[in-house]
Amino acid sequence: MRGSRDLARSLTTLKARYLAVNFIGLAMIASVFVYAGVVELIKWQMAPFAGFATLAPQTAAFIKYAFLALAAAQFGIIKAVQKILPTPTVEKLSLTAIITFALCESVAVLGLVLFLLAGNSMDFYIFMVISLGFFTLFFPKYDQWENLIKSNIAGKR
C-alpha cells in the first residue's frame, strides 16, 4: 500500500517537474533562434561584416575545426552525464536535463563566437543546426522519466 502512495506522489511531482524542465528547454531552444536574429541584425547593420577580429583565413578555419571538435566532444559529455545518473530521482532527472540543455545550447554559442570573430554567418548556421540536432536527440521524454522513476521505486521494495 505504501509503495503505491509513494509512486502516486512521485509521479505527481514528476509531471510538475517535467513541465517546468520542458519549459526551460523550450526557452533555451528559443534562445538559439535569438542568436540567429543577432547574426542577421549584425550582418544587416554592419554590411559587409567581416568579423570583429582580423583573422587570416587559415586561423579562422583552425578555430572552426577546433569548435567542431568541441561540439563533438559535447555530444560525448552529454551521453556521459546521462549515464552517470546513479539512482534516478525527480531532482536528478531535472538536473541532468538542464545540464544537457546547457551543453546543447553552448554549441550554438560556439557558432555565434565564430561568426563574431570571422564574420561568416554560414559558420554560425552550421553550429545552430548541430545545436538544434542535439536538442532533438536529447530532449527528455516523459515516458522515459516515468519508467525510470517506477523502476527506482520498484527497486526499493
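Contact here means heavy atoms within 4.5 Å. By that criterion, and not counting residues up to four places away in sequence, Q74 touches L103, S106, V107 and L110. The model described in this briefing is predicted. Its secondary structure comprises five helices and zero strands.

**Overall architecture and confidence**

- Along the sequence, the elements follow the pattern α-α-α-α-α.
- The protein has 157 residues, of which 39% count as buried.
- Among contacts between residues at least 6 apart in sequence, 85% join residues at least 24 apart.
- The average pLDDT of the protein is 89, and 89% of the residues score at least 70.
- Where pLDDT is low, the predicted coordinates should not be read in detail.

**The loop between α1 and α2**

- A cis peptide bond joins A47 and P48, with omega at about -15°.
- P48 belongs to the loop between α1 (2-45) and α2.

**Helix α2 and its packing against α3**

- Helix α2 contains 27 residues and reaches 39 Å from its first C-alpha to its last, close to the 39 Å expected at 1.5 Å a residue.
- The axes of α2 (residues 57-83) and α3 (residues 90-118) come within 10 Å and cross at roughly 180°.
- Angles over 145 degrees count as roughly antiparallel, and α2 and α3 are therefore roughly antiparallel to each other.
- By class, the contact of α2 with α3 has 17 nonpolar, five polar and one charged residues.
- On the α2 side, the residues that meet α3 are A60, I63, K64, F67, L70, A71, Q74, I77, I78, V81 and Q82.
- On the α3 side, the residues that meet α2 are T96, I99, T100, L103, C104, S106, V107, L110, V113, L114, L117 and A118.
- The buried residues of α2 are A60, I63, K64, F67, A71, Q74, I78 and V81. What covers these buried residues includes α3 and α4.

- At 1.5 Å a residue, the 29 residues of α3 should span 42 Å, and the end C-alpha atoms of α3 are 43 Å apart, which agrees.
- Helix α3 is followed by G119, whose phi is positive, near 85°.
- Helices α3 and α4 pack at an angle of about 175°, and their axes are 7 Å apart. This angle makes α3 roughly antiparallel to α4.
- The contact of α3 with α4 has, by class, 14 nonpolar, four polar and two charged residues.
- From α3, the residues that meet α4 are T100, F101, C104, E105, V107, A108, L110, G111, L112, L114 and F115.
- From α4, the residues that meet α3 are S121, D123, F124, F127, I130, S131, F134, F135 and F138.

- Q74 lies in helix α2. With a relative accessible area of 11%, Q74 is buried, since buried means under 20% relative accessible area.
- Q74 and F134 are 60 residues apart in sequence, and their C-alpha atoms are 9.5 Å apart in space.
- L110 is found in helix α3. At 15% relative accessibility, L110 counts as buried.
- L110 touches F67, L70, A71, Q74 and F127, not counting residues up to four places away in sequence.
- L110 and S131 are 21 residues apart in sequence and 9.8 Å apart in space, C-alpha to C-alpha.
- T100 is found in helix α3. T100 is buried, with a relative accessible area of 1%.
- Leaving aside neighbours within four places in sequence, T100 is in contact with I78, Q82 and F138.

Key:
Residues are numbered from 1 along each chain as its sequence is written. This is a predicted model: local features need pLDDT of at least 70, side-chain atom pairs count only at pLDDT 80 or more; totals for chains, interfaces and linings use all residues. Side-chain values use heavy atoms; hydrogens and water are left out. Axes are lines fitted to C-alpha atoms, for helices over the stretch in contact, and angles run from 0 to 180 degrees between N-to-C directions. Helices (H or I, at least four residues) and strands (E, at least two) are DSSP runs, numbered from the N terminus. Angles under 35 degrees count as roughly parallel, over 145 as roughly antiparallel, 65 to 115 as roughly perpendicular and the rest as oblique. Ala, Val, Leu, Ile, Met, Phe, Trp, Tyr, Cys and Pro count as nonpolar, Asp, Glu, Lys and Arg as charged, and the others, Gly among them, as polar. pLDDT is the predictor's confidence in each residue, from 0 to 100. Buried means under 20% relative accessible area, exposed over 50%, partly exposed in between (1.4 Å probe, protein chains only). The expected span of a helix is 1.5 Å times one less than its number of residues.
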